Amino acid sequence: MTVQERRPSSSQLIVDDRQAASFRVKRDVFVDGEILALERERIFSTCWLYLGHVSEVPTSGSFVTRRVGGRPLLFTRDRHGKLNALYNTCPHRGAMVCRERAGNRRAFTCGYHAWTFDESGRFVGMPGPEALPPNASEGGRFNLVSVERMDEFKGFVFVCFDKNAESLVEYLAGAADYLAYVADQGADGMEIVEGSQDYSINANWKLLQENSVDGYHGQPTHVTYFDYLRSRDGAQSDLRIGGSGGWVKNLGNGHAVSESIGLLPWGRPYARWAPGWGEEAKPEIEQLNKEIMERLGPERGNVVANGDRNMIIFPNLVVNDIMATTIRTFYPVRPDYMEVSAWAVAPIGESPTSRDRRMRNFVEFLGPAGFASPDDVEMLELCQRGYANRAAAPWNDISRGMRSNAPRKTDELQMRTFWRRWNQLVSADPSVELNGP
Amino acid sequence: MSTILSRGDAEDFLTKEAALLDAWRLEEWAELFTADGEYLIPATDAPEAEPGKSLYLVYDDRHRLGERAKRLLKKTAHAESPHSRTRHMISNVSIGEQVGETVSVTCNFVVFRSRMEKTDIYPGHAEYKLVVGPNGPKIRSKKAILDIDVLRPQGKVSIIL
C-alpha cells in the first residue's frame with residue numbers, strides 16, 4: 001500500500017466543529033495499528049524529541065543510553081566537552097554497542113566482534129584489520145552513526161530524526177518560555193536527580209499526554225490525594241482550588257500549558273510553605289523565594305517561584321512544575337501499551353533540607369507509587385479497555401470551554417491544541433488550523 | 001551471635017506483617033510501625049541511593065504510611081478498587097547488627113498481585129530496623145528494594161510491598 005492510499009483525511013479522525021462548539025476524536029486512533037505506523041512515520045520521525053538533560057553527562061566521557069522514539073541512542077559528552085547523540089548500533093553487524101544505562105568512559109567496545117569507538121562515535125579499531133583493505137574505514141564508514149539533529153535549549157537536549165526539520169527553538173515556539181521558567185529556578189542551573197521512574201501503562205500514549213494537562217480530572221480521580229493533604233496540612237488544603245482556577249494556553253505547534261500562580265493547596269519546595277513541613281522549614285523557604293525574586297526581579301520571580309504549570313510539548317514530553325518538577329516522556333510500543341520514563345529536576349547546589357523536602361513532595365503525588373499517578377494509570381487503562389466498544393460508541397468528546405474567551409484548567413483547550421497538531425501531521429494536511437477555541 | 005531478637009521471632013513477625021497485608025488489614029499494618037517509623041522503596045535504577053538525596057518510588061514518614069494505608073482502603077483509590085489479590089512470600093530471614101534496642105533484619109520477598117485478569121510479580125529484598133520492646137518488635141524502618149531494573153510490565157506499585 002502506498003502512503004497516499006493509507007492517508008486518512010483530517011476530518012475522518014477528528015471533528016472540530018467550531019460553530020457548534022463540539023470537538024470529537026475517533027476512538028480508532030487509540031487502537032488502530034495503521035494509525036501507530038503513521039505516527040511513527042509522521043510524528044516520531046519528524047518532530048523534536050526529548051533526549052536528556054546536560055546534567056546527565058556532566059564531564060568529558062560521561063554517557064547515558066536511552067531509547068528515544070523507539071531508537072536506542074547513546075548520549076555522550078566527548079573529550080572536547082561537546083555533546084553527541086549517536087545511534088547505539090555497531091556499523092559492523094548492528095549489535096547495540098553500549099549496554100549500560102550510564103557511566104563514564106573514553107571507548108565503547110562492541111561485545112560481538114570488539115569493534116571499538118571513541119566517545120564521539122569515531123571508529124578507533126577492530127581485531128584483525130589486515131583482512132580488510134587499508135582504506136576500509138575511510139569516510140567514517142565504520143563510525144557510529146550520529147543522530148540527524150541534536151540541539152540544546154537551556155540544558156534540555158532534544159534530537160530529531162529528520163535532517164530538514166526546523167530549528168529546535170522554532171519548534172518549541174511558546175513552550176521555550178516555559179522551559180526557561182524551569183531552568184531559572186536554580187541560580188547555578190538545574191540538574192536531574194539520581195533515580196528514574198521507568199514504568200509502563202497499558203494504554204495508548206496520547207492518553208497520557210491528555211491526562212498530564214487535564215485539570216478536570218483532578219478532583220474526581222485524585223480525591224484521596226486531597227484527603228491526604230487535608231489530613232496533613234489542615235486548613236491550608238481547604239484552599240482546594242485543585243485545578244479550577246488558573247488558565248490554559250496554546251503555546252503553538254501543538255504545545256500547551258495549564259497554569260496558575262499561587263493558587264494550589266500543595267507546597268512548592270522553594271516558594272510555598274506547607275504545614276506538613278513544620279515551622280522549621282519556613283525560614284529556608286522564605287530565603288529561597290527571596291533569592292529568586294532578587295535574581296529575576298519581582299515579576300518573573302513570581303512566575304518562576306509561585307507558579308504551578310503542567311506543560312505538554314508535542315508530541316511526548318511533559319514538564320510538570322507543581323509540588324516538585326518532573327520531566328516525563330513516553331513512547332508507544334503498541335497501540336495499547338506505552339513505556340514511560342520520568343525524572344526529577346532540581347536546582348544545582350540545593351541544600352540537603354530543601355532537596356529532602358522536594359523528594360518527599362515529588363512522590364506524595366507523582367510516580368508509579370505516589371498517591372495520584374497510579375490512579376491516573378488506572379483511568380487510562382480503563383479508557384483503553386472501553387475502546388473495545390468503539391464500533392458502537394466511536395467518539396471521545398473534548399469540547400469543554402470551546403465557547404470560553406478565558407479557558408480554565410478544567411476546560412479542554414490544552415488537549416484540543418495537541419489534537420489539532422496531531423491531526424495536521426497524521427493526516428498530512430497542512431490546512432488543519434492549529435489555532436482555535 | 002546473640003541478639004535480643006532471634007531469627008525465628010523475626011520470621012514470625014515478618015510473616016504476621018505479610019498476612020496483614022494480604023488480608024488488606026492495612027491500618028493494623030501501619031500500627032506495626034514506631035511513631036518515627038518510615039517505609040521506603042528506592043528507584044529501580046538506583047537501589048543503593050539514599051532517600052532524600054535521590055528520587056525514590058516511596059518515601060513515607062509515619063504519617064504518610066498511615067495515610068497510604070487509609071487511602072488504599074477507600075473506593076476512590078482507583079488503582080486498587082476493587083482490591084487486588086496479593087500474596088507476600090518471605091524467605092532468607094537473617095539477623096544483622098544490634099544497636100541498643102534496634103535490630104537489623106533482612107529478608108527476600110516475592111509479592112504476587114492479581115487484578116483485572118493480570119498478574120504482576122514484584123521480586124526483591126527488604127531491610128528492616130526492628131525495635132524490640134516488651135510487646136514484641138515494632139518497625140522503625142522498612143526498605144523494600146526491588147530486584148528489577150524497570151517497572152515493566154508491572155507499571156506501578158499501587159500495593160504495599
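**Ground rules**

I number residues from 1 along each chain as its sequence is written, and chains are lettered from A and ligands numbered from 1 in the order in which they are written. For this predicted model, local features need pLDDT of at least 70, side-chain atom pairs count only at pLDDT 80 or more, and totals for chains, interfaces and linings use all residues.

**Confidence**

I looked up pLDDT, the predictor's confidence in each residue, from 0 to 100. Chain B averages 96, and 99% of its residues score at least 70. For the complex, the predictor gives an ipTM of 0.96 and a pTM of 0.96.

**Domains of chain A**

I took the domain bounds from an automatic or database domain assignment. Chain A has domain 1 (49-169) and domain 2 (188-426). Their C-alpha centres lie 32 Å apart. Next I checked the contact between them (C-beta atoms, placed from the backbone, within 7 Å). Domain 1 of chain A gives nine residues and domain 2 of chain A gives nine residues. On the domain 1 side, strand 3 (residues 49-53) of chain A supplies the largest share, three residues. Helices (H or I, at least four residues) and strands (E, at least two) are DSSP runs, numbered from the N terminus. The domain 1 side divides into two nonpolar, five polar and two charged residues. Here Ala, Val, Leu, Ile, Met, Phe, Trp, Tyr, Cys and Pro count as nonpolar, Asp, Glu, Lys and Arg as charged, and the others, Gly among them, as polar.

**Where chain B touches chain A**

I found 32 residues from chain B and 34 residues from chain A in this contact. Strand 1 (33-42), strand 2 (56-60) and helix 3 of chain B each supply at least two residues of the chain B side. That side holds 16 nonpolar, eight polar and eight charged residues.

Then I followed strands 1 and 2 of chain B. They run antiparallel, joined by four bridges; strands pair if DSSP finds at least two bridges between them. B:Pro42 stands opposite B:Tyr56 in strand 2. Is strand 2 of chain B enclosed or open? Five of its five residues are buried, so strand 2 of chain B is largely enclosed by the rest of the structure. Buried means 20 or more other C-beta atoms within 10 Å of a residue's own, exposed means 12 or fewer, and partly exposed lies in between, with C-beta atoms placed from the backbone.

**The largest nonpolar core**

I defined a core as buried Ala, Val, Leu, Ile, Met, Phe, Trp, Tyr and Cys residues joined through C-beta atoms within 7 Å. The largest has 156 residues; among those touching the most other members are A:Leu49, B:Ile41 and B:Tyr56. Both domains of chain A give residues to this core, so it lies between them. I listed the contacts of B:Ile41, leaving aside neighbours within four places in sequence: they include A:Ala369, B:Tyr56 and B:Leu161.

I noted a cis peptide bond from A:Phe314 to A:Pro315, with omega near 0°. A:Pro315 lies in the loop between strand 17 (307-313) and strand 18 (317-321) of chain A. Another cis bond runs from B:Ser81 to B:Pro82, with omega near -5°. B:Pro82 sits in the loop between helix 3 (62-72) and strand 3 (85-99) of chain B.

A:Ala173 has a positive phi of about 50° although it is not a glycine. With 18 C-beta neighbours inside 10 Å, A:Ala173 is partly exposed. B:Glu117 also has a positive phi, near 70°. B:Glu117 has 5 such neighbours inside 10 Å and counts as exposed.

Key:
Two residues are in contact if their C-beta atoms, placed from the backbone, lie within 7 Å.
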